[in-house]
Amino acid sequence: MDHQSSITLYEQEDHKFYLLGWEEQEEEGIVQTNQYVILSGKDVVLLDPGGAHVFPRVLANVAELFELKDIKHIFYSHQDPDVSSGITLWLSMTERSQVYISGLWTRFLPHFGIYDHRRITAIPDKGGVISLSNGCTMKLIPSHFLHSTGAFSLYDPTSRILFTGDIGAAIFPQGGRYPVVENFEKHIQYMEGFHKRYMASNNVCRRWVKQISSLDIAAIAPQHGAVIRGDDVKKFLSWFENLQCGMDLIETIYEA
């Protein structure tokens, strides 16, 4: 998978959901990230388009698929630099796009060079929606403390894909990355260490799973690692719901 080979996760009529292509060469010491884009009607929605480091590659990926003027919405699941530090570049390249990020993080945006907040929508703690011009809506679902204190997942009801940010993330060994999970049981080894350290506690994991249990989910799309789809979605949710992590492991984290 190179920078020119984005993957179509869903396509029907005027609604498409893409996983954008990765760098041609893996870079040692730099966390691998996924960027996604949704086309619905005439609106393009970017999901966690990433930091300044990946901006040239992501811009090229997007430009191969769409006109930049059609980018109307940019969603940031949380504040981490690998998610959002390219925000000034994206706002400079798009004239009418609106940025959505937790209200906890809007006051930190000046540190990325953002002083005009007219194009920033602060997502309230209980979530909300992104409304598109064709009448479709994207649901913004709280995922606080997983891992950020202010974080959201995004559910697209048309494709039935749930973009989860760091939930479901995997850290691949050098040379071992893949875009879609084919063997969930084997994939757990790449998720386990990350989730045990970055997720706050099992209580929060269970609360999030309960919150999304009513959704019809065809695939889970995380910001790191690989897309989880089909029957593996239920396997992941069961694994995540029962995961001991964060505060549950505090004695081992602080062990002398």
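How many nonpolar, polar and charged residues does the lining of the largest cavity have, by class? The legends below take up this and other close-up views of a predicted model.

**View 1. The largest cavity and its lining.** By class, the lining of this cavity has four nonpolar, seven polar and one charged residues. The volume of the largest cavity is about 40 Å³, and the count of cavities of 30 Å³ or more comes to one. Ser77, His78, Ser143, Leu146, His147, Ser148, Ala151, Phe152, Thr164, Gly165, Asp166 and Ile167 line the largest cavity.

**View 2. The loop between β9 and β10, with phenylalanine 145 and histidine 147.** The peptide bond that leads from leucine 146 to histidine 147 is cis, with omega near 5°, and histidine 147 lies in the loop between β9 and β10. Phenylalanine 145, which is found in the loop between β9 and β10, has a phi near 70°, a positive value in a residue other than glycine. Most residues other than glycine have a negative phi, and most peptide bonds are trans. Phenylalanine 145 counts as partly exposed because its relative accessible area is 42%, a value between the limits of 20% for buried and 50% for exposed. Leu146 and His147 are among the residues that line the largest cavity, while Phe145 and Leu146 are among those that line the second largest pocket.

**View 3. The second largest pocket.** About 170 Å³ of space lies in this pocket, whose lining is made up of Asp125, Lys126, Pro142, Ser143, His144, Phe145, Leu146, Asn203, Val204, Arg207, Trp208 and Gln211. Helix α5 gives the largest share of this lining, with five residues. Divided by class, the lining of the second largest pocket has five nonpolar, four polar and three charged residues.

**View 4. The two sides of helix α5.** In helix α5, which runs over residues 202-212, the buried residues are Asn202, Val204, Cys205, Trp208, Val209 and Ile212. These residues are on the same side of α5 because they cover an arc of only 160° around the axis. Arg207 and Lys210, on the other side of α5, are exposed. The cover over the buried residues of α5 includes the strands β9 (137-142), β10 (152-156) and β11 (161-165), together with helix α6 (232-241).

View 5. When neighbours within four places in sequence are left aside, phenylalanine 236 is in contact with Ile167, Gly168, Phe184, Met191, His195, Ile220 and Ile228. In soluble globular proteins, nonpolar side chains tend to be buried together.

**View 6. Lysine 196 in helix α4.** Lysine 196 counts as partly exposed because its relative accessibility is 34%. If residues up to four places away in sequence are not counted, lysine 196 touches Leu243, Gln244, Cys245, Gly246 and Leu249. From C-alpha to C-alpha, lysine 196 and proline 222 are 16 Å apart in space, and in sequence they are 26 residues apart.

**View 7. Helix α1, and aspartate 48 in the loop between β4 and α1.** Phe55, Arg57, Val58, Leu59, Asn61 and Val62 are the buried residues of helix α1, which spans residues 55-65. What covers these residues includes β4 (43-47), β5 (71-75) and helix α3 (87-93). Aspartate 48, found in the loop between β4 and α1, has a phi near 45°, a positive value in a residue other than glycine. Aspartate 48 counts as buried because its relative accessibility is 0%.

**View 8. Serine 84 and its contacts.** Serine 84 is found in helix α2, which covers residues 81-84, and counts as buried because its relative accessibility is 1%. Leaving aside neighbours within four places in sequence, the residues in contact with serine 84 are Gly50, Tyr76, His78, Gln79 and Phe112.

Conventions
Residues numbered from 1 in each chain as written. Predicted model: local features only at pLDDT ≥ 70, side-chain atom pairs only at ≥ 80, totals over all residues. Heavy atoms only, no water. Buried < 20%, exposed > 50% of the residue type's maximum accessible area, 1.4 Å probe, protein only. Helix = DSSP H or I, 4+ residues; strand = E, 2+ residues; numbered from the N terminus. Arc of directions from axis to C-beta. Contact = heavy atoms within 4.5 Å. 1 Å grid on protein atoms, 1.4 Å probe; cavity = no way out; pocket = protein on both sides within 12 Å on 5 of 7 lines; lining within 4 Å. Points joined across faces, edges and corners; volume = space filled by probe spheres on them. Nonpolar A, V, L, I, M, F, W, Y, C, P; charged D, E, K, R; others polar.
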